[in-house]
Amino acid sequence: MEGRFVINGIEKVLSFEPDATLLQALRDGGFSEVKRGCDTGECGACAVVLNGDLVTSCKVYAASVVGSEILTAKGLGTVQNPHPIQQAFVDAGAIQCGFCTPGMVMATYALLSKNPDPTDEEIRRALDGNKCRCTGYVKIFDAVRLAAERMRDHG
Amino acid sequence: MDRDFSSVGHDVEKIDGLSLATGTGRYTDDFDAPGTLHVAVLYSPHAHGIIKDIDDSEAWKVPGVVDVMSYKNAYDDMPKVVHTTAGQGFPEPSPYDSWLFDDKVRFAGDRVAAVAAETLDIAREAVSKIKVEYELQKPLFDPERAMDPGVPVVHDRDEYMPIPVPYDPSKNLMAEKIFSIGDVEKGLAEADIVLDQVYHTHYAHHCMMEPHSAFALFDETGRMIVYSSTSVPFHVRRIVAQVLDYPLRKVHVIKPRVGGAYGGKQEAFIEPLAAKFALRTGRPVKAILSREEVFTSSRTRHPMRVHVTAGVMKDGTITALRMDDLMTAGAYGPHGLTVLCNAASKVLPLFNKVENVEFIGRTVYTNQPVGGAYRGYGVTQATFGFMQFIDDLTRRLDVDILEYVKKWHIKEGEGSPVFEAIGEGKAGVPQVITCCKLSECIDRGAEAIGWSDKRGRHISNSPGKVRGVGMAVSMQGSGIPLIDMGSAYMKLNEDGSCNLLMGASDTGTGSDTVMCQIAAEVLDISTDMIVPLSSDTDVTPFDVGAYASSGTYVSGGAVRACAEDFLKNIMKVASVMLEVPVERLDTSGGRIWDSDNPDVSTDFGSLCCFSLYGAGENMQQIQGYGSYTSPVSPPPFIAQFAEVEVDTFTGRVEVLRFVSAVDCGKALNPKMTEGQVEGGVLNGIGYALTEQYLFDDKGRMTNPDFGNYKVFGSLDVPKIETILVDSYEETGPFGAKSVSEVCINGPAPAIANAIYDAVGVRIFDLPLTSEKVLAALKDVDR
Ligand code: FES
Ligand code: FES
């Protein structure tokens with residue numbers, strides 16, 4: 001089947017099987033920045049912002065969200081013009097293999113758009129659905145704090 | 001050591017950081033080609049059996065199925081090559097005991113058949129329609145019984161060991177390493193007390209976020225390209241060619257971004273499968289493991305029994321030390337010898353003043369998941385036992401463990417006979433420690449955790465919760481001496497930038513960035529003038545790969561050698577261009593000038609233009625190359641401290657704080673170095689407390705997902721601190737040793753020791769679960 005979505009601000013028609021997950025539909029549609037780490041909703045690598053909320057796209061049927069607005073890491077910024085969150089992840093040393101990073105960045109974005117000045121505890125809770133095996137999370141927390149600070153200053 | 005560097009030693013931004021953060025960095029599964037087939041694999045549900053027959057007729061009928069393969073047809077057009085999946089130097093110190101397909105299954109998760117189809121769903125559906133008739137055999141699950149007469153034999157075909165070391169599959173003996181120095185029996189007899197204790201470590205998984213992935217297709221010339229999520233692209237090329245009996249020159253392996261490896265991708269087991277399907281169908285083929293398959297069919301940390309016996313005098317002198325280790329290989333033997341050897345060679349030399357030392361190491365086959373390389377590589381397992389043993393010993397002698405370790409640990413200028421006795425499977429090489437700041441690590445770590453205020457205080461801030469602190473020290477190596485080799489190539493461009501083509505594999509560690517820093521340092525230019533390209537078997541020179549903590553030390557050594565050669569060639573051409581003898585030339589910041597007359601000068605860019613377009617018959621590409629192998633493997637040292645709180649009602653152990661003080665030589669990129677340590681530490685804490693494989697009585701893993709396997713998430717993270725103790729290893733590139741593995745060794749023993757400090761119980765078996773702690777507490781109560 002086919003469905004129309006607004007992905008990263010641009011209307012896009014994706015074709016997918018009726019039982020396909022949003023993750024599958026997005027990846028098949030060329031949005032390879034949405035990573036697949038588990039397919040069971042546990043790693044957060046596939047996290048995207050769907051109509052303003054963070055979701056793990058492997059736990060959502062594409063058919064059930066046709067017409068939605070979806071934001072991925074590529075929609076947030078580019079290498080030439082990165083979003084402050086993306087730059088903060090680089091600056092804080094929060095990226096090692098980077099496989100978790102697009103999902104982490106989206107989780108951070110979802111957090112900071114609702115709570116621009118999160119406490120450490122709130123940061124931890126917001127990232128709870130995103131696993132990272134490389135960093136031990138220490139520098140990821142730094143990155144979120146740094147991004148929050150910069151976005152407050154300039155934002 | 002005070003040295004000033006302009007690139008190394010600074011937090012240079014990770015070169016691929018923004019591309020990863022914005023999602024443009026590509027991993028194997030992100031590559032695509034029209035008409036790609038997808039692979040699903042049928043795995044054995046049984047731990048041990050002979051396949052009597054396979055009926056795949058229904059699978060072929062599923063629309064969209066293009067190929068079905070099993071032992072029945074895989075060898076129609078090629079020999080059945082016995083090989084090892086271990087991506088190690090050649091000939092590998094691992095048994096040749098694997099086949100693309102076999103008619104025997106040796107663990108629940110062994111490959112039985114595979115389907116290539118238009119979509120993954122179709123392939124999976126077809127797999128479910130394959131009928132297999134097994135003749136079940138008794139499985140072997142108990143490594144302690146593996147060598148008993150009459151037990152099931154896991155391997156009985158044409159398996160062999162490619163290097164001359166003990167190997168006897170008829171007894172399930174996968175590897176054996178025994179050596180002794182002095183006379184242990186005599187040393188034990190002379191001792192005031194003899195301590196004897198057995199420890200067990202468990203199955204664990206790397207849990208890299210990106211699953212194992214391979215994508216095979218043909219380029220326009222008909223050569224095969226294999227994109228692989230691997231730490232060892234050059235070994236993958238060799239293994240694919242070997243398994244498929246296909247010319248190596250027709251295989252081109254590309255390592256794109258890799259989503260974590262930690263040793264788990266030092267293995268080629270799906271690449272040959274994808275490549276074989278590509279050969280048979282002529283189509284691009286993707287084989288990507290599901291998370292469940294990653295757990296059940298890839299590689300694991302080898303479980304190990306660590307049995308330590310020591311004779312000790314009242315003054316603390318260890319008169320004899322015996323370590324008797326039994327390691328479980330599981331159904332196949334990749335890394336089964338070398339991991340075992342490391343459990344001795346990188347643990348026993350720490351206390352190098354012991355005169356009588358014995359190591360009895362055996363690795364046995366069982367019908368269980370397959371062990372492989374995993375960060376720490378045997379040192380982690382042995383250190384869990386050994387550092388608890390030392391904690392116990394010092395408590396019995398009533399001496400301070402910090403002072404004890406500081407007195408007895410190996411020091412600068414010292415060696416150990418163990419270095420010579422044992423190497424990677426064979427004898428080792430003699431080594432004198434040229435850089436060891438372990439005592440300083442101990443002091444600084446102890447201070448950071450507040451050791452003197454907390455040790456033995458049983459602090460309790462809430463009812464039933466008691467705190468304690470514990471520590472552990474360990475060492476690792478930096479590459480494998482006289483075995484590991486890396487190489488690199490550089491060339492100069494018109495804007496003064498340089499391409500750096502290197503065999504080194506960045507699996508997420510940041511090695512591409514560090515290599516650029518090393519090259520930039522040699523050339524005295526800024527890091528962003530270096531354009532790295534790593535691990536493409538067609539384009540870059542050879543490197544053994546990212547393992548054995550060899551990246552910065554060995555591959556970095558190659559990049560340094562390469563950059564030095566490159567700089568020499570730059571100067572030669574500059575001498576021609578400026579008409580100034582080489583000895584009079586100076587360079588800095590990409591400029592070159594006559595030291596007698598600084599007005600006579602050029603820059604790298606102009607020099608390149610001259611050499612490419614203006615040098616007449618001297619026109620040339622300015623280039624450089626270098627290879628590096630090391631006669632030694634200088635160990636990094638680490639002292640790690642845990643503060644825990646034990647809930648005496650539930651047995652739950654919470655790590656409150658974890659401090660690591662590490663001597664890794666000069667940290668070439670301190671922030672990335674810290675990141676490495678922090679990641680390894682949290683992985684080690686998870687390994688210590690919660691992560692484990694659970695099996696049913698048929699030998700099947702029952703918790704193959706992140707939740708039930710219990711990978712740590714952001715809510716579980718304690719306060720983690722990393723102290724980089726200043727040091728300088730003369731043999732390393734700009735003073736560097738390694739750091740990636742050593743950091744994972746300490747958490748388990750330090751936490752176990754802290755539990756004892758808090759509540760006086762010792763847990764000898766990993767993981768240190770609430771159940772075990774509670775049971776031990778009840779035992780003490782009684
Ligand atoms: S792939 Fe969706 S949460 Fe892991
Ligand atoms: S950076 Fe590798 S999993 Fe997070």
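Predicted model: local features only at pLDDT ≥ 70, side-chain atom pairs only at ≥ 80, totals over all residues.
**Reading burial, contacts and salt bridges**

Me: Where does Thr108(A) lie, and which residues does Thr108(A) touch?

Reply: Thr108(A) belongs to helix α4 of chain A; helices are DSSP runs of H or I with at least four residues, strands are runs of E with at least two, and both are numbered from the N terminus. Leaving aside residues up to four places away in sequence, Thr108(A) touches Ile85(A), Phe89(A), Leu127(A) and Val144(A). Contact means heavy atoms within 4.5 Å.

Me: Now a strand. Where is the place of Gly330(B), and what does Gly330(B) touch?

Reply: Strand β14 (residues 318-330) of chain B holds Gly330(B), and at 0% relative accessibility Gly330(B) counts as buried. With residues up to four places away in sequence set aside, the residues touched by Gly330(B) are Tyr203(B), Val364(B), Tyr365(B), Thr366(B), Gln368(B) and Pro369(B). For a sense of scale, 34 Å separates the C-alpha atoms of Gly330(B) and Leu188(B), which are 142 residues apart along the chain.

Me: Can we read a whole element that way? How many residues of helix α6 (residues 271-281) of chain B are buried?

Reply: Eight of the eleven residues of that helix are buried, so helix α6 of chain B is largely enclosed by the rest of the structure. In α6(B) the buried residues are Glu271(B), Pro272(B), Leu273(B), Ala274(B), Ala275(B), Lys276(B), Phe277(B) and Ala278(B). After α6(B) comes Gly282(B), with a positive phi near 75°.

Me: Next, salt bridges. How many are there over all chains?

Reply: The general idea is that side chains of opposite charge can pair when their charged atoms come close. The rule asks for a side-chain nitrogen of Lys or Arg within 4 Å of a carboxyl oxygen of Asp or Glu, and by it the count over all chains comes to 65 salt bridges. One of these joins Glu414(B) and Lys353(B), with the closest N and O atoms 3.0 Å apart. Glu414(B) sits in the loop between α10 (401-408) and α11 (417-421) of chain B, and Lys353(B) in the loop between α8 (336-345) and β15 (357-365) of chain B, so the pair ties together parts that are 61 residues apart in sequence.

Me: Which residue forms a salt bridge with Arg395(B)?

Reply: Asp757(B) does, the closest N and O atoms being 3.1 Å apart. Because Arg395(B) lies in helix α9 (residues 379-397) of chain B and Asp757(B) in helix α19 (residues 747-759) of chain B, the pair ties together parts that are 362 residues apart in sequence. Arg395(B) is partly exposed at 29% relative accessibility, whereas Asp757(B) is buried at 1%.

Me: And within one helix: how many residues apart are Glu440(B) and Arg444(B) in helix α12 (residues 438-449) of chain B?

Reply: An α-helix has 3.6 residues a turn, so residues three or four places apart point the same way. Glu440(B) and Arg444(B) are four residues apart, separated by about one helical turn. They form a salt bridge whose closest N and O atoms are 4.0 Å apart. Both are partly exposed, Glu440(B) at 33% relative accessibility and Arg444(B) at 36%. Elsewhere, salt bridges that share partners join Lys80(B), Asp102(B), Asp103(B), Lys104(B), Arg106(B), Asp156(B), Arg157(B) and Glu159(B) into one network.

Me: Last, the interface. How many residues of chain A are in contact with chain B?

Reply: 44 residues of chain A are in contact with 49 residues of chain B. The rule finds seven salt bridges across this interface, including Glu678(B) with Lys139(A), where the closest N and O atoms are 3.1 Å apart. On the side of chain A that touches chain B, α2 (73-76), α3 (84-91), α4 (101-114), α5 (120-126) and α6 (138-154) of chain A each supply at least two residues. The most comes from α3(A), with four residues.

How values were computed:
Residues numbered from 1 in each chain as written. Chains lettered and ligands numbered in written order. Heavy atoms only, no water. Buried < 20%, exposed > 50% of the residue type's maximum accessible area, 1.4 Å probe, protein only.
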